[in-house]
Amino acid sequence: MTKVLVIGGGIAGYCAALAARRDRAEVTVVARAPGATALYAGAMEVVDDLDAILGSPNHPLARLGMDSVGLATELDAAISTLQLALGKEGLRFEGSWRSRGLYADIHGLARLAGVVPETVARGELGGLSGKRVAVIGVPQVGDYDAASTAQALKELHGIEAFAEEISIPELPQAASLTDLYGRRAPSPRARGAAIAYPPGFTNLPPDGFELLASPPSPHGWRLQQAISLGAVSAEVTSIETGRGKATSARANGRAFRADAFVLATGRHIGGGLRAGRTTSEPLLGLGVFDDGAPAASLGTRLRHEKYLEPAAQMRMGLMTDKRLHPLLEDGSVPYTNVYAAGAMLGGYEYSGPCGFGVPILTGWLAGRYAARQD
Ligand SMILES: Cc1cc2nc3c(=O)[nH]c(=O)nc-3n(C[C@H](O)[C@H](O)[C@H](O)COP(=O)(O)OP(=O)(O)OC[C@H]3O[C@@H](n4cnc5c(N)ncnc54)[C@H](O)[C@@H]3O)c2cc1C
């Protein structure tokens, strides 16, 4: 049985583990902490335009060397397996990568997404047209204003929205949205309206839905908790190599030996890339590229505030061959049993229309290639 070590506990590492286990590998996941997955807004953007992606040679999905039919088939398999697995952990998702809906966040701004939690799906803006929508506010919560959300829903999306404040006296002083997490959804006075809740409540009524979040995100936290089950909580500090292969990874004084390794350590938030004078990959010294050129030759330095915002430098990351082996700066493959997946891959904006598509699909394929040592 092939032993696969997945390093990284975000959505890419999770999909790699799913695929490798499906191919009967013995899989261990090592993750040090929640990464970007735990911050996602609650709307999985998978892909927008496969043909446009295939026309961008440095896009991680274009580098897989598949045509649009091949990518579509793999996306179908990866997403249905992911939805099934998350459903077993009690997190139900709706949608697919083939069509996208529009969902509002806590400020009333809309985001397109393919796959969303069941509790968000009911708030698809197209489906709300012609309905009255009560936006629930909690007067004790200082970082969210239901009245302005309702106004934005009206002005930006033509939804007949109004705010309804419901007091939750047992909340702590100066409460914030995070204090709502895990509480039972309060019932509004308004009847016959759809009900928009700030994210985090449980037991929503049948006509209730959750708005998307900004960080910290209850949607992200629920997802992160579901996908972290069974992972070893430790930081990989080094990877031993020899004869063109990785042999073991060291974490918390333990050596994890494996036949194949999936690196799914994320970008700057996850810790897969280190932003210094030049951006680097800390575990194996792999090549970091900006639009196909080695980042070391460019001398662009990331500023901290850019970590959350799309910026040219945020497209920096690893480059891989068709089998997801990461490259050195000279374009060679240093290790035949190491595969890279997720937001650590460069060539796309990870807060853009493939935010989850790249981690899901590359994770899925990396897990399979690792299990088969392809
Ligand atoms: C604020 C924010 C909001 C977003 N919202 C959306 C959204 O709504 N929709 C969308 O489609 N996309 C969104 N994205 C993008 C999306 O969240 C990420 O692209 C995706 O979650 C990346 O997944 P990942 O598994 O590649 O990386 P991560 O989730 O970052 O996971 C990396 C993992 O690697 C681990 N790790 C790193 N180094 C080590 C080590 N040495 N040893 C052990 N473990 C290690 C980390 O601890 C972490 O567990 C958002 C991103 C951000 C930052």
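Predicted model: local features only at pLDDT ≥ 70, side-chain atom pairs only at ≥ 80, totals over all residues.
1. Five strands line up as E11-E2-E1-E15-E20, an open sheet with parallel pairing. At its edges are strand E11 (232–233) and strand E20 (338–340), each pairing on one side only. H1 turns up again here: the helix packs on this sheet and touches strand E1 (3–7), E2 and E15. The direction of H1 makes about 170° with that of E2.

2. E15 and E20 run parallel and are joined by 3 bridges. Val-262 has Tyr-339 in E20 as its bridge partner.

3. There is another open sheet to look at, this one of 4 strands in the order E8-E7-E9-E10, again with parallel pairing. Strand E8 (160–165) and E10 each have a single partner strand, so one side of each is left without a neighbour in the sheet. From one strand to the next, the twist averages 30°. Inside the sheet, strand E7 (residues 132–137) and strand E9 (residues 194–197) run parallel, with 3 bridges between them. For a landmark there, take Ala-134, which stands opposite Ile-195 in E9.

4. Val-236 is opposite Ala-251 in E13. The hairpin of E12 and E13 has 2 residues between the strands, and Arg-243 takes a positive phi near 50° in it.

5. The peptide bond joining Pro-215 and Pro-216 is cis, with omega about -5°. Pro-216 falls in the loop between strand E10 (208–210) and helix H7 (218–228). Then there is Asp-291, a residue other than glycine with a positive phi, near 55°. Asp-291 is in the loop between strand E18 (289–290) and strand E19 (293–294).

6. On domains: the assignment gives domain 1 as 100–215 and domain 2 as 267–337. Their C-alpha centres are 38 Å apart.

7. Finally, the chain as a whole. The secondary structure comes to 8 helices and 20 strands. Does the overall size point to a compact globule, or away from one? The radius of gyration is 21 Å, which agrees with the value near 21 Å that a compact globule of 374 residues would have. Along the principal axes, the C-alpha atoms fill a box of roughly 70 × 40 × 40 Å.

Terms used
Residues numbered from 1 in each chain as written. Domains from an automatic or database assignment. Pairing = 2+ DSSP bridges. Contact = placed C-beta atoms within 7 Å. Axes fitted to C-alpha atoms, helices over the stretch in contact; angles between N-to-C directions. Rg over C-alpha atoms; globule rule 2.2 N^0.38 Å.
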